[in-house]
Amino acid sequence: MPLLGNNRIHQIAFVVNDIEATSEAFAKLLGIQKPTWFLTAPHSISKAYFRGKPTNAQNKLVFIDTPSVQIELIEPNDEPSTMREFLERKEGIHHIAFDVDNMQQRVKIMEDQGFSVIQTGEFTSSKGRYVYLDTTKRYKTMIELLERDEPQGYAQPKPSLSPPLLGTDQITQLAIVVEDMEQTADAFCTLLGIEKPPVIHANDPAITQVVYRGEQTDAKAKFMFIQTPLLEIELVEPAADSPSIWNEHLDNEGEGIHHLAFVVKDLDEQIDKLKKLGYPLIQRGNFWNRKGRYAYLDTRSDLKVIIELLEKDEQ
């Protein structure tokens, strides 16, 4: 059984400095009107506690539903919180979240697994509560638990007059770069209550034909694809002696979430579109099994994460 009672990733959450600018970027990416943020309540209502102490932390929030996962954007105030602590280091993906049906029970299960509580509080836009757990060492990101007493109460952005930038608004993959694939895979498969998938070795440069920052490279790596109901988790363990975007991430930031992926039609057209918007191409290549191509674009300036484009051959 999944440790949390289900294995659906409900939410991917970003902590940002300027929620207006990041909302505008995601609106353009997903083909929606720019969403309006709201401010969470003060401690008297939110009952927020950070590392066991009450805090006056408040956040500007935006929620955007996509076909596979909800995007949350968070701009924290200067009071102590896990979001403010994260933002002191960088902008980017702060956590993934799961809905749970018995918060007290699920927290106890996670504590028994060795994960301590970092922050707790009550929802502002609806009735319910949240808990952040210190899971970063094992899962390479923080995990949030959400327990709802009623449906979430916020207005969804309306569709834009323009279609999604990439022709789709469906995020298909969340990818994590790791140093020890077996260890991280064991942790995720225990969390999700699933059998461990096979490891894939992409070690034939004649097939992958990788170009990294304009230079040919072997870019040898191991991959694993873990299926959840609506979103695929990709684990990447790069070979230390092969220059690649994955080793660059390990060198600069360590283990952690690396990119979000979209399946697109006409890869070259989508690359050109993003390059014209000022997003450099970092790496491109072929799938290890010859069944498609991929490209990484550096969209971190606006979207706070790298976007991967996947073009799959017709079956």
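What radius of gyration would a compact globule with 315 residues have, and what does the chain have? A compact globule of that length would have a radius of gyration near 20 Å, and the chain has 19 Å, which agrees; the radius is taken over C-alpha atoms, and the globule rule is 2.2 Å times the number of residues to the power 0.38.

**View 1. The whole chain in a predicted model.** This is a predicted model, in which local features need pLDDT of at least 70 and side-chain atom pairs count only at pLDDT 80 or more, while totals for chains, interfaces and linings use all residues. Residues are numbered from 1 along each chain as its sequence is written, and side-chain values use heavy atoms, with hydrogens and water left out. The chain holds 10 helices and 20 strands, which are DSSP runs numbered from the N terminus (helices are H or I with at least four residues, strands are E with at least two). Its C-alpha atoms fill a box of roughly 60 × 45 × 35 Å along the principal axes, and 54% of the 315 residues are buried, where buried means under 20% relative accessible area, exposed over 50% and partly exposed in between, with a 1.4 Å probe and protein chains only.

View 2. In the order β2-β5-β6-β1-β7-β10-β9-β8-β3-β4, 10 strands form an open sheet with mixed pairing; two strands pair if DSSP finds at least two bridges between them. Because β2 (38–39) and β4 (53–54) stand at the edges with a single partner strand each, one side of each is left without a neighbour in the sheet. β2 pairs with β5 (residues 59–65) in the antiparallel sense over two bridges, and the bridge partner of Phe38 in β5 is Leu61.

**View 3. The largest nonpolar core.** A nonpolar core is a set of buried Ala, Val, Leu, Ile, Met, Phe, Trp, Tyr and Cys residues joined through side-chain atoms within 4.5 Å. The largest has 63 residues, of which Ile12, Phe14, Phe26, Leu191, Leu260 and Leu309 touch the most other members. Helix α6 (residues 181–192) gives the most to this core, with seven residues. Leaving aside neighbours within four places in sequence, Ile12 is in contact (heavy atoms within 4.5 Å) with residues including Val69, Ile71, Ile93, Leu174, Leu231 and Leu260.

**View 4. The strands β12, β15 and β16.** Strand β12 (residues 200–202) pairs with β15 (residues 221–227) in the antiparallel sense over three bridges, and here Ala202 stands opposite Ala221. β15 in turn pairs with β16 (residues 232–238), again in the antiparallel sense, over seven bridges, with Met224 opposite Leu235. A hairpin joins β15 to β16 through four residues.

**View 5. An aromatic cluster.** Ring pairs link Phe223, Trp246, Tyr294 and Tyr296 into a cluster; rings of Phe, Tyr and Trp (its six-membered ring) pair if their centres lie within 6.5 Å, and planes under 30 degrees apart count as stacked, over 60 as edge-to-face and the rest as tilted. A search of the whole structure finds eight aromatic pairs. Tyr294 and Tyr296 form an edge-to-face pair, 5.4 Å centre to centre with 65° between the planes. Tyr294 counts as buried at 8% relative accessibility, as does Tyr296 at 1%.
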